[in-house]
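Open the model in your viewer and keep the sequence panel beside it. This tour goes from one selection to the next.

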Amino acid sequence: MLVIECTHCQARYQYDESRFEGKPSKKIRCAKCQQIFEIHLPDAGGSFASGGSDDSEGDTTVTRRRRRTIEEPLPPEVVAADENALPVETGAKLPEGKRLSLAIIEGPDPGKVFRFENPRVVIGRAGADLVLNDSETSRHHAVVEIHDHLYILEDLGSTNGTFFEGNRLSGPVELQNHSEFTLGVTTIMLIVTDSD
């Protein structure tokens, strides 16, 4: 699993390398700012080809390509061909034939299960869709947004942060079935099952 970063707003995502489908690069629409940017498979040495700020000779082409992508956005059909990556071009919606739930597995509310009725669920201590009895969480701490079969977790500027796979979120990340994330002292698991 790669960590990719939008070249426009610096939002970070996890991206499965198998989605490159043998191609050296892919074009992605950022779920946060909607800007199109290009990512590249790491080379054999493990360096990340969508590139940092290194202006060495070997990185000139990648840097130029990234700059062109920001200044001259690609036509929508380029991204439409990659709808299974991280683009969020359509509105949030629940997937047909699936039931999604958030199960609290650790913290003050163990065993509590919240079933998605809407594609956007705000989690927090008060005034949220899923209210936690956790004093370490913010009122509106994080959000899980469903875009058909794409499940996105994002921190809402909370004081103590949202953690996924041991890392504090600095931007949206993609969840999978049985993914776990932590807010305050509460750990939550996303569960996706077939609907009856």
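The stops below cover confidence, the cores, a sheet, a histidine and a ring pair.

**Confidence first.** This is a predicted model, so colour the chain by pLDDT before anything else. The chain average is 76, and 70% of the residues reach at least 70. Now select residues 44-90. Here pLDDT stays under 50. The model still has 73 contacts for this stretch beyond four places in sequence. Where pLDDT is low, the predicted coordinates should not be read in detail.

**The largest nonpolar core.** Select L102, I123, V144, F181 and I188. These are the residues with the most contacts inside the largest nonpolar core, which has 23 residues. Which elements give two or more residues to this core? They are β5 (98-106), β7 (120-124), β9 (142-147), β10 (150-155), β13 (173-175), β14 (180-183) and β15 (186-194). In soluble globular proteins, nonpolar side chains tend to be buried together.

Centre on I123 and display its neighbours. Leaving out residues up to four places away in sequence, I123 touches L102, A128, L130, L132, H140, H141, A142, V144, F181, L183 and I188.

**Another core.** Move to I4, F20, I28 and I39. They are among the eight residues of another core, which lies apart from the largest one.

**The open sheet.** Switch to cartoon and show β8, β7, β9, β10 and β13. In that order, these five strands form an open sheet with mixed pairing. Its edge strands are β8 (130-131) and β13, and each pairs on one side only. Zoom in on β10 and β13. The two run antiparallel and are joined by three bridges. Select I152 as well: it stands opposite E174 in β13. Strands of a sheet pair through backbone hydrogen bonds, either parallel or antiparallel.

**H147.** Stay with the sheet and pick H147, found in strand β9. Is H147 buried or exposed? Its relative accessible area is 10%, so H147 is buried, given that buried means under 20%. The side chains of H147 and E145 make a polar contact at 2.8 Å.

**The ring pair.** Last, select F114 and F116. The structure holds one aromatic pair, and this is where to find it: the ring centres of F114 and F116 are 6.4 Å apart. Their planes stand at 70 degrees, so the pair is edge-to-face; the cut-off for that class is over 60. Both F114 and F116 are buried.

How values were computed. Residues are numbered from 1 along each chain as its sequence is written. This is a predicted model: local features need pLDDT of at least 70, side-chain atom pairs count only at pLDDT 80 or more; totals for chains, interfaces and linings use all residues. Side-chain values use heavy atoms; hydrogens and water are left out. Rings of Phe, Tyr and Trp (its six-membered ring) pair if their centres lie within 6.5 Å; planes under 30 degrees apart count as stacked, over 60 as edge-to-face and the rest as tilted. Buried means under 20% relative accessible area, exposed over 50%, partly exposed in between (1.4 Å probe, protein chains only). A nonpolar core is a set of buried Ala, Val, Leu, Ile, Met, Phe, Trp, Tyr and Cys residues joined through side-chain atoms within 4.5 Å. Helices (H or I, at least four residues) and strands (E, at least two) are DSSP runs, numbered from the N terminus. Contact means heavy atoms within 4.5 Å. pLDDT is the predictor's confidence in each residue, from 0 to 100. A polar contact is a pair of N or O atoms within 3.5 Å; within protein, one must be able to donate a hydrogen and the other to accept it, and residues adjacent in sequence count only if both atoms are side-chain atoms. Two strands pair if DSSP finds at least two bridges between them.
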